[in-house]
Amino acid sequence: MADGYGDDGYYFRDNKGVAHGPMDKEDFESLQTKGTIKPGMKIWRQNGGSIFQVKLTRNFTVGKIFSINSFGHAMELFMVSTTVLCMMFIMTMPKLREELKGHWGNAIFLFSLAFFTLGLTLHSLKKTAGRLTDSASDVVCGEV
């Protein structure tokens with residue numbers, strides 16, 4: 001480029017610290033829509049040799065918070081949370097401890113299965129909370 005401004009466009013740094021760019025506005029919005037570029041990532045725009053910081057934020061709107069999609073994710077979050085609480089309640093019952101006395105193999109299997117289930121459930125809760133946040137909000141792009 002003869003004018004020296006061939007590096008104009010949007011840039012972002014991913015979670016691994018690798019910088020991507022330059023890209024035009026359409027490519028940037030496409031990656032933002034796909035979820036590749038998320039709020040909290042380092043994003044900047046270069047134009048004519050000047051660098052502008054780009055900030056993505058989430059705006060929660062009433063129409064999206066009370067949408068069917070958000071309600072479905074909220075119900076999933078409630079059901080999984082209730083299941084974990086019920087499982088924790090059952091695992092602390094004295095009757096269960098009495099029945100498992102002397103049966104070490106069954107006790108080890110039951111408690112390892114419970115911890116494995118708890119780990120997967122916590123991962124599921126994190127994913128569902130992220131989906132609820134995504135469905136109840138809009139990502140807004142602004143330059144500083």
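At 43% relative accessibility, Asp134 counts as partly exposed. Its salt-bridge partner is Arg58, with the closest N and O atoms 2.5 Å apart. Keep in mind as you browse that this is a predicted model.

**Salt bridges across the sequence**

- Another salt bridge joins the side chains of Asp138 and Lys64, at 3.0 Å from N to O.
- Here the partners come from strand 5 (residues 137–143), which holds Asp138, and helix 2, which holds Lys64, so parts 74 residues apart in sequence are tied together.
- Asp138 is partly exposed at 31% relative accessibility, and Lys64 is partly exposed too, with a relative accessible area of 30%.

- Glu29 and Lys25 bring their side chains together in a salt bridge of 3.6 Å, N to O.
- Both residues lie in helix 1 (residues 25–34), and because they are 4 residues apart, about one helical turn separates them.
- Glu29 is partly exposed, with 38% relative accessibility, and Lys25 is partly exposed at 45%.

**Nonpolar cores**

- The largest nonpolar core has 9 residues in all: Tyr10, Phe12, Met23, Phe28, Ile37, Met41, Ile43, Val54 and Leu56.
- At least two residues of this core come from strand 1 (9–13), and at least two from strand 4 (50–60).
- Leaving aside residues up to four places away in sequence, Ile37 touches Phe12, Phe28, Leu31, Gln32, Ile43 and Leu56.
- Another core, of 5 residues, lies apart from the largest one; Met91, Leu96, Ala107 and Ala114 are among its residues.

- Phe60, Val62, Ile65 and Phe66 make a nonpolar surface patch of about 470 Å².
- Phe66 is found in the loop between helix 2 (62–65) and helix 3 (68–91).
- Is Phe66 buried or exposed? With 70% relative accessibility, Phe66 counts as exposed.

Conventions:
Residues are numbered from 1 along each chain as its sequence is written. This is a predicted model: local features need pLDDT of at least 70, side-chain atom pairs count only at pLDDT 80 or more; totals for chains, interfaces and linings use all residues. Side-chain values use heavy atoms; hydrogens and water are left out. Patches are made of residues with over 30% relative accessible area and no salt bridge: like charges are joined within 9 Å, nonpolar side chains (Val, Leu, Ile, Met, Phe, Trp, Tyr) within 5 Å. Accessible areas come from the Shrake-Rupley method with a 1.4 Å probe; for residues, only the protein chains shown count as cover. A salt bridge is a side-chain nitrogen of Lys or Arg within 4 Å of a carboxyl oxygen of Asp or Glu. Buried means under 20% relative accessible area, exposed over 50%, partly exposed in between (1.4 Å probe, protein chains only). A nonpolar core is a set of buried Ala, Val, Leu, Ile, Met, Phe, Trp, Tyr and Cys residues joined through side-chain atoms within 4.5 Å. Contact means heavy atoms within 4.5 Å.
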